[in-house]
Amino acid sequence: MLKNYIKTAYKVFLRRKFFTFISLFAISFTLIVLMVATSLFDHVFGAMPPEKNLDRMLGVYRMSMSGGEGERRSTRSGLVGYGLLDRYCRDLPFVEKTSFFTAPNSIPAYHNGEKLKLFFKRTDGAFWQIMDFNFIEGAPFTEEDDKNRNFVAVINEATRKKFFGEASAVGKSIAVDGQNFRVVGVVGNVPVLRVLSFSDVWAPVSTAKSDGYKKEFVENFMGVFLARSKDDFPAIKEEFSARLTQVELPDKQFNRLEGQAETVLEGIGSLFISEGTGGGPSQFILAALIAALLFMLLPTINLININVSRIMERASEVGVRKAFGASSLTLVWQFVIENVLLSLVGGAIGFIGSYLVLQMIARSGFIPYADFHFNYRIFLYGFCMAVFFGLLSGVYPAWKMSRLHPVQALQGGTR
Amino acid sequence: MIKHLIKLVWNRKRFNFLITLEILVSFLVLFVVMMFVAYYANNYRQPLGFEYENVWNINIDVKQESDDYFTPEQQALTRQLFNTVKDLPEVESVASALSVPYQSSGSFSSEEHNGKNIEYERGEVTSDFQTVLKLNVVAGRWFNKDDDAANFRPVVINRNLTEAMFGNEDPVGKVFGSEGEGRKESRVVGVVSDFRKQGELAGAGNFLFTRKNLNDPKERPPRNLVIRLRPGVPAEFESQLNDKLQAVAKNWSFEIQPLVNLRESLFRLQLIPVVVLGIIAAFLMIMVALGLTGVLWQSVTQRRKEIGLRRAKGATAARIKNQILGELLVIATFGLLIGILLVVQFPLLDVIGFISAKIYLYSILAAALTIYLLTILCGLYPSWLATKVQPAEALHYE
């Protein structure tokens, strides 16, 4: 039966090519937009190298200190300070590895009088064990390097090219931010969307120009905890919050500390949905879904509209089938299948289209080192979207058609 | 005529309902895009209030996040940096600033006035700030050396803030707000035409300058030095400047950036959402146009009988064409009316404060006009097709 439906659908699509073109245009365009959005989302939140353990990671990204009342109230908020992390977050339970590192700082470097804009991140040794970087040459620096304040650095491929051309970089030295580092490793470029690992140059935390960072509670550090498994998250979060209440604040001016251990999705989600101390990530995803549905509204109406008028054209076919005893359900089924088929063809075009769009975004340089490639997740999302879209836009016209009276239909249509 | 068209449309209400809905949603999408475009275009036309060519910013990173506390050493070192830069032959003038144009960070305050909360951005600047950025003083004067000895705290405000605080009165010499209990009172000494720190695309805001004295031990050291270069200084000067600064303060870091670059990256940041939205909206409209053409085409084929009958009774081709287009315009108007009714609710509910009524009205008009153009464009081919229907067809159909 299905084979028959497919055959009929194929003939119908070929009969009025203009309509098929419009439908395919609408479907593939809608899916391109949705798929590009989804794959950008996946590139930020998906677990892939270097952050391949992302789904086992909790982190502390934001901290705020406040004190005083009413008019005199003052707040300082930002990323976390190393002092707080070092003193209170070293030995959380259920945590396999702990790493502290700065957010990437944009710093200028000058090479042969030319300005190079580089991102610079200071990390500890554990960072390289938690993250899975692709080393092109050399190796990461270690805990020892950090402890002994060795001026060593790992750079990415793009930075190697800027400083040394195509030559090997390990063992050579680079001047960054008025300091000299010996390159120990070169890694593949990390996309800027990887919020935890992205940078151009990575150096030990201890090489900071002054050791003022050791005292700070709110500064520009992040802390990441690699849990044994996802199931331990609640326990770790609880322990972290409990410890936060016992922190002795260094400054008399402040008496309250706010922050939490959270996943990257929770952290970024709550940036958009503020005051979300409760269901941050679920609200964020809900908002994204609503936005996607709103966006799909117009294409859906458009497609329903086209389908409704196309169906009138096939009134005589419906009449014949009804006269020979086909039930309404069978007819609805047939037309929904036809529509889903069309959506899948549109989906295939959408895949190619979104691949091209993503390549364009990557090449435009808006997102440095963007490296988009489809994975099975994106493929699955895209397939579901195409089927969903097909159902959404196919059910109403099919239902409307199935209700045609056979006699009227045979006569050649209704109003 | 119109009454008759409405009746025709009403007779096919099930079919026309979907088209109306499509036009309604398209209108809403277009309206949002038009509003962004109108908002930015209107802002772009307003004067900027400063000149950014040949101006560089030096951001000083003292390796300490907060500037609430500081040491006398930090102050002395900052003064030394200031003087080093000032003495360079390439530099025309230099000033310190809390935050610089085209930078998103800034310090904001608010002031109660006549029961209304007026928010404004603050800039702490040294006296030469006006020369560096070529601010345009329209009333009173800019800061000068005599202010050191004044028994009040001099402030300069922009025109927008003047209007908000003092209305049409002359603000020069007036006390500004209740700021600084225990400290000296603030008094307005001058008004600048404007200072739109967020650049050409951002809306007009309120701005207040206070004077910074680098020699005052109670004042925090600035984190930005803005310099105006003499014309013709090459770009390589940047790395030389960096070396000189680094030699003075070894443990600090510097980020030197021409304002032209800051401007470009801010522009990009502000425009990307609009461009993305615009591209998506454009494709949506192409899709709607194609869909509508298809639907109308189909409907004309279906109504051959009716059209043929009219032709047989002597209607000219032009009248048939007018009927099809007329019906379409009635449907479009109907969808637009619902859309406008919906859209008008927002300013009534006072949801979007920063968009003025004028821009709102323009966007509604522009969106409605585009919808009319679009529907007429879609109706052209189907209505032409309708004129080709032969009267004989109507008779031979049954």
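Chain B of this predicted model has an average pLDDT of 87, and 95% of its residues score at least 70. For the model, ipTM is 0.78 and pTM is 0.81. Where pLDDT is low, predicted coordinates should not be read in detail. The points below cover strand pairing in chain B and the domains of chain A.

**Strand pairing in chain B**

- Strand E9 of chain B, residues 224-229, pairs with strand E1 of chain B, residues 55-61.
- The pairing of E1 and E9 in chain B is antiparallel and runs over five bridges.
- Within this pairing, B:Ile58 lies opposite B:Leu225 of E9(B).
- E9(B) is also joined to strand E2 of chain B, which covers residues 91-97.
- E2 and E9 of chain B run antiparallel too, with six bridges between them.
- B:Ala95 has B:Val226 in E9(B) as its bridge partner.
- In general, side chains in a regular strand alternate between the two faces of the sheet.

**Domains of chain A**

- Chain A is divided into domain 1 and domain 2.
- Domain 1 of chain A is made up of residues 2-47 and 282-411, whereas domain 2 of chain A spans residues 95-228.
- The C-alpha centres of these two domains of chain A are 46 Å apart.
- The contact between them takes seven residues from domain 1 of chain A and seven residues from domain 2 of chain A.
- On the side of domain 1 of chain A that touches domain 2 of chain A, five residues are nonpolar, one is polar and one is charged.

Notes: Residues are numbered from 1 along each chain as its sequence is written. Chains are lettered from A and ligands numbered from 1 in the order in which they are written. This is a predicted model: local features need pLDDT of at least 70, side-chain atom pairs count only at pLDDT 80 or more; totals for chains, interfaces and linings use all residues. Two strands pair if DSSP finds at least two bridges between them. Helices (H or I, at least four residues) and strands (E, at least two) are DSSP runs, numbered from the N terminus. Domain bounds come from an automatic or database domain assignment. Two residues are in contact if their C-beta atoms, placed from the backbone, lie within 7 Å. Ala, Val, Leu, Ile, Met, Phe, Trp, Tyr, Cys and Pro count as nonpolar, Asp, Glu, Lys and Arg as charged, and the others, Gly among them, as polar. pLDDT is the predictor's confidence in each residue, from 0 to 100.
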